[in-house]
Amino acid sequence: MSVVLIGDVARHSGISARMLRHYDRIGLVSASGRTTGGYREYSDEDMRRLLHVESLRSLGLSLAEISEVIDDREFDPAIVVTRVVEQTRRQIVQAQELVHRLEGITATEPRSWDDVLRTIHLMHRLEKSDASARQRLALRTQDADQRDLPVLIDAMLREEGEDAAGALQWAIARSGDAAVAVLADALVSDDPGRRRRAFDALVKIDSPAARQVIRESASHPDERVRRRAIIARAEDDEADSMAALVELIRSGQGDVDASDALAALADRTGLIDVAVNVVAQALSSAEAPARRRLAAALVPYPPAVTRPVLESLLDDEDRATALTAQYVLDSHGAGESP
């Protein structure tokens with residue numbers, strides 16, 4: 001059996017002699033022998049125990065935790081590792097929250113410690129557990145310092161209370177285009193709640209820049225965002241949105257709003273024939289439930305334009321579709337029962 005003096009152990013292991021003495025005092029790793037001069041001598045078994053302790057420390061265990069498990073022959077290492085994983089995850093979350101808070105303070109471009117403290121105070125107030133208190137605070141911050149805007153946007157994107165989020169969106173809207181770029185970035189968030197709250201804030205801003213971002217979201221993967229963006233394009237009289245509106249009607253995703261938007265767009269632009277033709281094309285390949293919705297969408301249009309399309313549905317294999325077509329014809333004052 002070989003023995004090693006404490007100085008050699010410190011040099012080769014990277015553990016300071018002071019820490020080795022501390023391990024000895026608390027009984028975690030004690031040297032098996034002493035030289036005639038009183039120096040600690042570590043045996044091969046002592047070294048194995050020391051390596052065991054350092055391995056456990058590298059996993060994040062405290063010395064107290066190591067003392068509990070190192071001599072317990074029945075302890076389950078998986079339990080310890082799982083506990084360390086959970087603890088590390090909590091630490092990561094706390095670190096991320098700290099970074100997020102610091103970034104939020106930096107975004108306000110503080111010029112003094114008073115600015116920093118004011119921002120921290122606002123952050124704390126916007127993190128109150130009571131959603132109604134957050135809503136009241138948001139309503140009082142509508143005329144807040146523009147430098148608070150990043151904090152308000154961050155709070156709004158995280159806010160799960162509908163009323164409090166709405167109040168924050170109105171406060172943000174008062175800042176105008178200053179918030180548009182940050183909200184546009186939030187539209188690509190992995191969190192659907194953040195995406196939708198950002199979109200709602202853009203709608204409330206309603207400036208040319210905000211509406212441009214909204215219109216550009218017409219192919220967004222989020223169904224709610226995409227649907228509202230398509231309708232926004234129709235409201236801006238973009239005729240090429242007709243096909244997308246008809247697709248919404250066919251899919252049943254906000255079909256009532258899409259029908260209204262299509263009819264209003266056709267009326268404003270004078271493209272009634274085009275709108276009816278797009279509906280007719282969709283009818284040719286639609287399933288039965290979709291055919292009913294598309295037929296019902298023809299109610300607002302002049303009978304002379306819609307009659308040929310509706311009459312072609314009177315013998316539809318789906319009885320409900322035929323009845324819907326008949327109802328629309330009757331509402332126009334024409335047609336016979338199928």
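## Helices α8 and α9

In this predicted model, the axes of helix α8 (residues 149-158) and helix α9 (residues 162-173) come within 9 Å and cross at roughly 150 degrees. Helices (H or I, at least four residues) and strands (E, at least two) are DSSP runs, numbered from the N terminus, while axes are lines fitted to C-alpha atoms, for helices over the stretch in contact, with angles that run from 0 to 180 degrees between N-to-C directions. The angle makes α8 roughly antiparallel to α9, given that angles under 35 degrees count as roughly parallel, over 145 as roughly antiparallel, 65 to 115 as roughly perpendicular and the rest as oblique.

The crossing of these two helices, α8 and α9, is left-handed, a term used if the near helix is turned anticlockwise from the far one by less than a right angle, with right-handed used if it is turned clockwise. On the α8 side the meeting residues are L149, L152, I153, A155 and M156, and on the α9 side they are A165, L168, Q169 and I172, where contact means heavy atoms within 4.5 Å. Sorted by class, this contact of α8 with α9 has eight nonpolar residues, one polar and no charged; Ala, Val, Leu, Ile, Met, Phe, Trp, Tyr, Cys and Pro count as nonpolar, Asp, Glu, Lys and Arg as charged, and the others, Gly among them, as polar.

## How the model is read

Residues are numbered from 1 along each chain as its sequence is written, and side-chain values use heavy atoms, with hydrogens and water left out. As this is a predicted model, local features need pLDDT of at least 70 and side-chain atom pairs count only at pLDDT 80 or more, whereas totals for chains, interfaces and linings use all residues.

The pLDDT, which is the predictor's confidence in each residue from 0 to 100, averages 83 over the protein, and 88% of the residues score at least 70. Over residues 334-338 the pLDDT stays under 50, and for this stretch the model has 13 contacts beyond four places in sequence. Where pLDDT is low, the predicted coordinates should not be read in detail.

## The protein as a whole

The protein contains 19 helices and three strands, and buried residues make up 40% of its 338 residues. Buried means under 20% relative accessible area, exposed means over 50%, and partly exposed lies in between (1.4 Å probe, protein chains only). Of the contacts with a separation of 6 or more, 55% are accounted for by residues 24 or more positions apart.

## Helices α11 and α12

Helix α11 (192-205) and helix α12 (residues 208-215) pack at an angle of about 140 degrees, with their axes 8 Å apart. That angle makes α11 oblique to α12, and α11 passes α12 in a left-handed crossing. F199, L202, V203 and I205 of α11 make the contact with A210, V213 and I214 of α12, and the residues of this contact divide into seven nonpolar, no polar and no charged.

The buried residues of α12 are A210, R211, V213, I214 and R215, and what covers them includes α10 (180-186), α11 and α13 (223-235).

## Helices α2 and α3

The axes of helix α2 (residues 17-25) and helix α3 (residues 44-58) come within 13 Å and cross at roughly 100 degrees, which makes α2 roughly perpendicular to α3. The residues in contact are M19, L20 and Y23 of α2 and L50, V53, E54 and R57 of α3; by class, five are nonpolar, none is polar and two are charged.

## Residues in the loops

D206 lies in the loop between α11 and α12 and counts as partly exposed at 44% relative accessibility. Its phi is near 55 degrees, a positive value in a residue other than glycine, and the C-alpha atoms of D206 and G176, 30 residues apart along the chain, are separated by 8.4 Å.

D237, in the loop between α13 and α14 (242-251), has a phi near 60 degrees, again a positive value in a residue other than glycine, and is partly exposed with a relative accessible area of 36%. A178 is placed in the loop between α9 and α10 and is partly exposed, with a relative accessible area of 48%. From C-alpha to C-alpha, A178 and L149 are 8.3 Å apart in space and 29 residues apart in sequence.
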